[in-house]
Amino acid sequence: MATIYDVSVLAGVSLATVSRVMNKNTNVSEKTKKKVQDAMDQLGYRPSSIAQSLASNRSNSIGVLVSQLDGPFYGPMMTEIETALRDANKHVIIAAGHSNETQEKEAVEFLLDRGCDALILDVEALSDEYIINLCQQSTPIVLINRFISEIEERCIYLNNALGGYLATKHVLSQGHTQLAYIAGPQFKSDARERLEGHKQALAEFEVTFDETLFFEGNFREPSGVSAMEFLLKQDKQFTCVISANDQMASGAIAVSLERDISVPKQLSFIGYDNSPFPKYISPKLSTVSNPIQEMGKMAALWVLKNVYNKPDLSIVNTFTPQLILRDSVKSLK
């Protein structure tokens, strides 16, 4: 079996030069690269990733832990992470925690055992204390879609309270004061923050939060269906439904249309996330942007800057949501 020494002899270069070529070091001329590559091809030599890792103390792999692998939210985020890292000749190992503390801990241990150079975490069940302690260990950690003040510089997150505020302020400004609210699961920080922003806007307009028109969903379309069925059974009038994400809003709209409730003529809706599909349904859904793709890319750039010594990369930690107005909110003024 050919060795790196055999390659260096056939190519007429040093062992260090062969190593630089294998590790894609830019400080090697194209002529020398070709000589080394031709020698490897002739000898049938295939570099060992394990040997390279031992030599460089790097695996060139990054662990990515997300809540789930399906849906319109996590796919685009993972795509941006993988693309940014692959462009830098790094690879990702992906695990899912399913919003379960035990499974998230097991996934963290799995990724650490694989020798990942860093971890990108989008986790919901792990406590702040656990994550802070994890950041004090040797493997660099960057947290996405969550804010913990003690590790603020490692957090890539959205101002969700502002997003919730913007959505509710808009419908209130359009004359809607009888509001129903479909929340995300309250153990998730982003869902709690969106509800906080909603209540802040209500207070500014001196509108009382109606507990009977509140439903806690799980960010999936079927829970939007359940929410709408619940709301329609209440002996209360409401002119607008505010949903903590687009998926639940879509489920709620489907129920409304099945019941011959015209949207937005009889009932207005506003969502959150700006997922791809709401701009193609009828009516097109007004929503709040959640730039999860950009946040995913930023987490990858954080790793490249802080782990792989790319100091010129600029990192944005806090993202600001934007109100996106389409056709699903009727003005009552």
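The lining of the second largest cavity divides into 5 nonpolar, 3 polar and 1 charged residues. In this classification Ala, Val, Leu, Ile, Met, Phe, Trp, Tyr, Cys and Pro count as nonpolar, Asp, Glu, Lys and Arg as charged, and the others, Gly among them, as polar. The structure is a predicted model, in which local features need pLDDT of at least 70, side-chain atom pairs count only at pLDDT 80 or more, and totals for chains, interfaces and linings use all residues. Residues are numbered from 1 along each chain as its sequence is written, and side-chain values use heavy atoms, with hydrogens and water left out.

The second largest cavity holds about 30 Å³ of space. A cavity is a set of points, on a 1 Å grid over the protein atoms alone, where a 1.4 Å probe fits but cannot get out; lining residues have an atom within 4 Å of a point. Grid points are joined across faces, edges and corners, and a volume is the space filled by probe spheres set on the points. G164, A167, Y181, R194, I242, S243, A244, G271 and Y272 form the lining of this second largest cavity. Helices (H or I, at least four residues) and strands (E, at least two) are DSSP runs, numbered from the N terminus.

The structure holds 2 cavities of 30 Å³ or more.

Buried means under 20% relative accessible area, exposed over 50%, and partly exposed in between (1.4 Å probe, protein chains only). Neighbours within four places in sequence aside, N145 is in contact with F73, D122, I156, Y157, D190, I292 and M295. Contact means heavy atoms within 4.5 Å.

A pocket is an open set of grid points with protein on both sides within 12 Å along at least five of seven lines. The second largest pocket has a volume of about 300 Å³. It is lined by 20 residues, and Q68, Y74, K188, N218 and F219 lie nearest its centre. Helices α5 (71-86) and α9 (189-204) each supply at least two residues of the pocket lining. That lining has 5 nonpolar, 9 polar and 6 charged residues.

Aromatic rings were considered next. Rings of Phe, Tyr and Trp (its six-membered ring) pair if their centres lie within 6.5 Å; planes under 30 degrees apart count as stacked, over 60 as edge-to-face and the rest as tilted. The count comes to 5 aromatic pairs. The rings of F147 and Y157 have centres 4.7 Å apart and planes at 50 degrees, so this pair is tilted. The pair links distant parts of the chain, 10 residues apart: F147 lies in the loop between β4 (141-144) and β5 (155-158), and Y157 in strand β5. F147 is partly exposed, at 36% relative accessibility. Y157 is buried, at 13%.

The rings of F215 and F230 also form a tilted pair, with centres 5.5 Å apart and planes at 45 degrees. This pair links strand β7 (residues 214-216), which holds F215, to helix α10 (residues 221-233), which holds F230, 15 residues apart. F215 is buried, with a relative accessible area of 19%. F230 is partly exposed, at 29% relative accessibility. Y181, F209 and F214 form one aromatic cluster.

Charges also sit over rings. The rule requires NZ of Lys or CZ of Arg within 6 Å of the ring centre and within 35 degrees of the ring normal. K199 lies over the face of F209, 4.7 Å from the ring centre. R194 lies over the face of Y272, at 3.8 Å from the ring centre. Both R194 and Y272 line the second largest cavity.

D117 lies in the loop between α6 (101-113) and β3 (118-121). D117 is buried, with a relative accessible area of 6%. Apart from neighbours within four places in sequence, D117 is in contact with R58, S59, N60, S61, T139, P140, V307 and Y308.
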